[in-house]
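Please have the sequence and the model open while reading this report. It goes from the overall fold to single residues.

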Amino acid sequence: MLDELDLAVTEHEALWSLTRWTAEQIVAGGLSPYEGAAWIWREAWRELEHVVDLTAFVALADQWEELPSHRAETNADIVAEARALLERTATPTP
């Protein structure tokens, strides 16, 4: 798809851009914390070869699924993690 659009970015860079956009949507309330964390877990974390910067989203999405009585707290933790991710300026390299 990147070739068809003639974009000069790698798949890695594009996926990081989507991950950052997802974090922005979590913080802004445009995407539920769980939905965002689950996407980061299932799509970005796996494709980016389990990059450490995203591991917290994996744990939090799993916690949200496994502990329904703690979902409000978990949602807040996901939003906090999304903010922290956005504060990091450098995009990790593979």
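Predicted model: local features only at pLDDT ≥ 70, side-chain atom pairs only at ≥ 80, totals over all residues.

Residues are numbered from 1 along each chain as its sequence is written, and side-chain values use heavy atoms, with hydrogens and water left out.

**Overall fold**

The protein has 4 helices and 0 strands, where helices (H or I, at least four residues) and strands (E, at least two) are DSSP runs numbered from the N terminus. The order of elements from the N terminus is α-α-α-α. Of the 94 residues, 34% are buried; buried means under 20% relative accessible area, exposed over 50%, and partly exposed in between (1.4 Å probe, protein chains only). Contact means heavy atoms within 4.5 Å. Among contacts between residues at least 6 apart in sequence, 56% join residues at least 24 apart.

**Helix 4**

Helix 4 (residues 71-87) has 17 residues and spans 24 Å from its first C-alpha to its last, close to the expected 24 Å at 1.5 Å a residue; the expected span is 1.5 Å times one less than the number of residues. Its buried residues are T74, I78, V79, E81, A82 and L85. They lie on the same side of helix 4 because they cover an arc of only 160 degrees around the axis, the arc being that of the directions from the helix axis to the C-beta atoms. These buried residues pack against helix 1, helix 2 and helix 3. The face turned away from the buried side carries the exposed residues A72 and E87.

**Rings and charges**

A search of the whole structure finds 1 aromatic pair. Y34 and W64 form this pair, which is stacked, at 3.9 Å centre to centre and 20 degrees between the planes. Rings of Phe, Tyr and Trp (its six-membered ring) pair if their centres lie within 6.5 Å; planes under 30 degrees apart count as stacked, over 60 as edge-to-face and the rest as tilted. The pair links distant parts of the chain, with Y34 in helix 2 (residues 33-47) and W64 in helix 3 (residues 55-66), 30 residues apart. Both Y34 and W64 are buried.

The charged end of R71 sits over the ring of W64, 3.7 Å from its centre. Likewise, the charged end of R42 sits over the ring of W41, 4.7 Å from its centre. A charge sits over a ring if NZ of Lys or CZ of Arg is within 6 Å of the ring centre and within 35 degrees of the ring normal.

| Residue | Relative accessibility |
|---|---|
| T19 | 0% |
| L15 | 15% |
| E81 | 19% |

Neighbours within four places in sequence are left aside in what follows. T19 touches W39, I40, A44, L54 and L85. L15 is in contact with W39, E43, A44, E47 and L48. L15 and I40 are 25 residues apart in sequence and 9.8 Å apart in space, C-alpha to C-alpha. E81 is in contact with D53, A56, F57, L60 and R88.
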